[in-house]
Amino acid sequence: MKRATLFIEELNKLGHEAYFVGGSVRDYLLKRDSFDIDIATSATPDFLMANFKAVPIGLKFGTVLILYNGSRFEVTTFRKDLNYYDNRHPEEVIFSKSINEDVLRRDFTINGLYMTKDLEVIDLIDGIKDLDNKLIKTIGNPDERFREDALRMLRAFYLVSKLEFSLDKNTFLSIHKNKELLKNISAERIYRELDKIATHQNSLEAFSLLHDSGISKYLPGLEKGIKYFVNNDIKIQKEIFFPFCFYLNGKVDKFWKLSKLNETHYQNVIKILKLEKISQSNLVKFHREDVMVASRINEILQIFPLNYQEIIKLYDEIPLKDIQELAISVDELLKIYNKNPGPWIKDIQNNLLNAIIKKEINNNHLEIIDYLEKRKDKDE
Ligand code: ATP
Ligand code: MG
């Protein structure tokens, strides 16, 4: 923030207005950490590019990323958006000389505050009042604002989740009324916003409102899951929000155009959840097959239809979870078997792993050698 202040000062000296804006002012006033700093200015992108180290990241919409003394800020030229054509993008933006116009294109009153380099807040839309009342409310007529950009409907729930704020009644009713517009938003954008909702602390409340608004009807494959979480008061863990919804749905919905990696991971989670009984060996199997499942096994087990505590105990009691932890090295296996390296090594390691999980032997060097020698005799 210090460096951003210096940057704003420098812009001021060059004859331009510049302010902190949006999420960064909101979070500053709420004393929350802000990860991105947004700045609004009367300077055009061309001017910024000519005078600072800058990366054009959304030139069409007047946004450049400024690299300044090791910090980076998104700097957007004051603008006015004209004729939103697809419920998401303005057909044209015109750069504007003042924040009076710039503020009107921003989504919610709490996101429409500007702050000078001296930390003086400029409130043109009663944003402070809503911030005090913890209220998320569109700037201007909500029907119009959601028709311009339907993604804002999901941003409203995101802010509920992140800030633990309430939704203004008219804003909520308007989402209910306009929910169908979500059809015009791309799967990737919706996915990203839902993921953000699931990440924050108040996700249950946010999904509850989202459910009440009827918008989940336009989220293919997720409706049942959301309903389940809401009706059972389950706080949604980010990692399992999508896979659990798809589990209740019966399959991963193609609508989301997931990456192969993500899709396979979700299918693995579904497989685990579909098991009638869970044993230590299939826990290990999943643990080894899919690293993502492994790192999330705790969260997955929490929603497993069987007794969670019992399974966790089962899982914790596994003497070893991977062949890497075997108390015998590959060198030693080569010596014992006197064969060239090959796939047989993996087979033996897997046999050992299973024998140890089934408690036939302990993961102890001498016991393993003894066990292998005996089996070798049998095999020969
Ligand atoms: P976060 O804490 O996630 O950064 P944010 O509100 O700052 O939340 P950004 O994407 O960083 O979100 O956007 C910065 C600002 O740009 C917002 O605070 C808001 O003023 C404006 N903005 C962002 N998205 C939209 C939108 N879809 N419609 C209108 N204004 C928007
Ligand atoms: Mg932001």
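Which side chains meet in a salt bridge at 3.9 Å, N to O? They are those of Lys 376 and Glu 373, here as in every view below taken from a predicted model.

**View 1. Salt bridge between Lys 376 and Glu 373 in helix α19.** Both residues belong to helix α19, which covers residues 365-379. Lys 376 and Glu 373 are three residues apart there, so about one helical turn separates them. Lys 376 counts as buried because its relative accessibility is 17%, under the limit of 20%. Glu 373 is partly exposed, at 33% relative accessible area. Elsewhere, salt bridges with shared partners connect Arg 88, Arg 145, Glu 148, Asp 149 and Arg 152 in one network.

**View 2. Two further salt bridges, Asp 27 with Arg 26 and Glu 263 with Lys 254.** Over the whole structure, the search gives 20 salt bridges. Between Asp 27 and Arg 26, the closest N and O atoms are 3.0 Å apart, and both residues are buried. For Glu 263 and Lys 254, the corresponding separation of the closest N and O atoms is 2.7 Å. Glu 263 is buried, with 11% relative accessible area, whereas Lys 254 is exposed at 64%.

**View 3. Aromatic pair of Phe 7 and Phe 73.** The structure has 22 aromatic pairs. In this one the ring centres are 5.6 Å apart and the planes lie at 40 degrees, so the pair is tilted. Phe 7 sits in helix α1 and Phe 73 in strand β5 (residues 71-77), so the contact ties together parts that are 66 residues apart in sequence. Phe 7 and Phe 73 are both buried.

**View 4. Aromatic pair of Phe 246 and Tyr 266.** This pair is also described as tilted, with 6.0 Å from centre to centre and 45 degrees between the planes. Phe 246 lies in helix α12 (residues 238-249) and Tyr 266 in helix α13 (residues 260-274); the two residues are 20 apart, and the pair links distant parts of the chain. Phe 246 is buried at 0% relative accessible area, and Tyr 266 is buried at 5%. Both residues are members of a cluster linked by ring pairs, which includes Tyr 191, Phe 207, Tyr 228 and Trp 256.

**View 5. Magnesium ion (ligand 2) and Asp 36.** Asp 36 is located in the loop that runs between α2 (23-29) and β2 (38-41).

**View 6. Positive phi at Lys 134 and Asp 233.** Most residues other than glycine have a negative phi. Lys 134 has a phi near 55 degrees and is placed in the loop between α5 (127-132) and β10 (135-136). Its relative accessible area is 43%, so Lys 134 counts as partly exposed. Asp 233 has a phi of about 55 degrees and occupies the loop between α11 (223-231) and α12. Asp 233 is exposed, at 61% relative accessibility.

**View 7. Nonpolar surface patch of Met 1, Tyr 28 and Leu 119.** Together these residues have about 260 Å² of accessible area. Met 1 is in the segment before α1 (2-13) and is partly exposed at 38% relative accessibility. For orientation, the domain assignment places domain 1 at 1-128, domain 2 at 259-316 and domain 3 at 323-379. The centres of domain 1 and domain 3, taken over C-alpha atoms, are 63 Å apart.

Key. Residues are numbered from 1 along each chain as its sequence is written. Chains are lettered from A and ligands numbered from 1 in the order in which they are written. This is a predicted model: local features need pLDDT of at least 70, side-chain atom pairs count only at pLDDT 80 or more; totals for chains, interfaces and linings use all residues. Side-chain values use heavy atoms; hydrogens and water are left out. Domain bounds come from an automatic or database domain assignment. Patches are made of residues with over 30% relative accessible area and no salt bridge: like charges are joined within 9 Å, nonpolar side chains (Val, Leu, Ile, Met, Phe, Trp, Tyr) within 5 Å. Accessible areas come from the Shrake-Rupley method with a 1.4 Å probe; for residues, only the protein chains shown count as cover. A salt bridge is a side-chain nitrogen of Lys or Arg within 4 Å of a carboxyl oxygen of Asp or Glu. Helices (H or I, at least four residues) and strands (E, at least two) are DSSP runs, numbered from the N terminus. Buried means under 20% relative accessible area, exposed over 50%, partly exposed in between (1.4 Å probe, protein chains only). Donors are N, O and S atoms within 2.8 Å of the metal (3.2 Å for Na, K and Ca); water is not among the atoms, so sites may look incomplete. Rings of Phe, Tyr and Trp (its six-membered ring) pair if their centres lie within 6.5 Å; planes under 30 degrees apart count as stacked, over 60 as edge-to-face and the rest as tilted.
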